[in-house]
Amino acid sequence: MLSFGWLLRSADPPGKPLGRRCRGTPPRMASRRMANIRLTAVAMLVCVGLSAAVVVAALRLPAVIAVSAWGRQTAAASIGRLLAGSATFDGPLSGMLVAVDPGHGGPDRGACHLPSGLVEKEINLDMAFRLERALKANGAQVFLTRRDDSFLSLDERARRANERGADVFVSLHVNRYPSPECFGAQTFYLPESLEGRRLALLIQEELRNVYPPNYRQALPGNYRVLRGTAMPAALVEIGFVTNATDRALMQQDDYREAVAAAIVRGIVRFVQGETVAGALAEPGTGPPSGAAGSAPSGVAGEGWG
Ligand SMILES: [Zn+2]
């Protein structure tokens with residue numbers, strides 16, 4: 001580090017003769033000249049410091065502009081975090097706070113297939129950590145409603161997301177249905193939420209790409225955990241525990257990673273303002289579910305009402 005201590009030192013050590021240098025210059029003038037030099041140097045240092053601050057601010061400006069394109073509500077929250085110094089700027093989800101809600105927990109196990117060792121609350125939490133990593137890799141900040149095997153009410157999950165001011169809410173679940181033929185990941189949204197619907201449709205499109213035989217469409221679902229949220233929200237069922245193929249998929253590390261990546265891609269497209277081509281304009285009607293046995297509510301036995 002450079003030392004500027006010389007600026008503070010006297011040019012003329014006390015008691016030392018000025019010598020030849022001062023032969024033609026009165027001591028007071030020499031002292032004043034040195035004082036002026038020191039003053040000028042200090043002013044230069046201040047200017048350098050200010051210039052550095054301006055450069056830093058300019059580098060951050062494009063990120064602020066990009067954030068503003070995401071919409072008024074998102075921009076306000078993001079700029080708030082920027083000012084708080086907690087935002088990152090290295091991905092398409094920079095400045096976003098995503099609330100991830102691993103469904104069930106504690107004594108509430110959710111849907112299970114014990115012979116396969118599949119327990120919904122465990123799958124949901126594992127998926128939440130995978131999703132957290134993938135979201136952070138895209139620049140997002142992430143908040144999990146639970147990080148361990150604890151029970152949370154549906155209202156508490158939504159309340160925590162609201163309290164944090166999350167921009168997007170994603171609840172993770174595993175489905176079950178009386179018919180073992182039902183398969184495929186599926187996304188739900190609040191019937192009255194246009195933005196929730198746009199988010200769910202984009203996520204669902206990405207989920208279908210993970211496993212092309214999956215014909216399922218995003219559907220409206222008046223679920224309590226979604227009703228309590230103040231931001232665009234979607235509920236993702238990553239597969240049916242009652243279907244053998246889905247069970248095999250959900251036991252694979254690669255499938256879980258692919259599902260997490262698909263959800264992230266859906267959120268990125270949502271943030272970038274995309275809509276699913278050909279999607280119906282009105283919420284609540286929902287696109288056709290695609291095939292017989294597509295679990296009308298998709299949540300038999302879940303008890304989210
Ligand atoms: Zn569930």
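# Burial, helix packing and strand pairing in a predicted model

Student: What makes α5 largely enclosed by the rest of the structure?

Tutor: Of the 17 residues of α5, 14 are buried; a residue is buried if 20 or more other C-beta atoms, placed from the backbone, lie within 10 Å of its own, exposed if 12 or fewer, and partly exposed in between. The helix is therefore largely enclosed by the rest of the structure. The model is predicted: local features need pLDDT of at least 70 and side-chain atom pairs count only at pLDDT 80 or more, while totals for chains, interfaces and linings use all residues. Residues are numbered from 1 along each chain as its sequence is written.

Student: How is the packing of α5 and α8 described?

Tutor: α5 (residues 194-210) and α8 (residues 253-271) pack at about 145°, their axes 8 Å apart. Axes are lines fitted to C-alpha atoms, for helices over the stretch in contact, and angles run from 0 to 180 degrees between N-to-C directions. Residues in contact have C-beta atoms, placed from the backbone, within 7 Å. Among those that meet are Leu-199, Leu-202 and Glu-206 in α5 and Ala-262, Ile-263 and Arg-269 in α8.

Student: On which strands does α5 lie?

Tutor: α5 lies across β5, β6 (186-189) and β8 (233-240), running at about 180° to β6. Helix α4 (residues 154-164) lies across β1, β4 and β5 (168-175), at about 165° to β1.

Student: What makes β4 and β7 edge strands?

Tutor: The open sheet of six strands has the order β4-β1-β5-β8-β6-β7, with mixed pairing. Strands pair if DSSP finds at least two bridges between them. Both β4 (141-144) and β7 (219-220) pair on one side only. By contrast, β1 (residues 97-102) is joined to β4 by four bridges and to β5 by five, running parallel to β4 and to β5. In these pairings, Ala-99 has Phe-143 of β4 as bridge partner, and Val-98 has Val-168 of β5.

Student: How do you know that both faces of β1 are covered?

Tutor: Leu-97, Ala-99 and Asp-101 on one side and Val-98, Val-100 and Pro-102 on the other are all buried.

Student: Why does Asp-101 count as buried?

Tutor: Asp-101 has 28 C-beta neighbours inside 10 Å, so this residue counts as buried. Not counting residues up to four places away in sequence, Asp-101 touches Thr-145, Arg-157, Phe-169, Val-170, Ser-171, Leu-172 and Val-225. His-173 is 72 residues from Asp-101 in sequence and 8.9 Å away in space, C-alpha to C-alpha.

Technical notes. Helices (H or I, at least four residues) and strands (E, at least two) are DSSP runs, numbered from the N terminus. Two residues are in contact if their C-beta atoms, placed from the backbone, lie within 7 Å.
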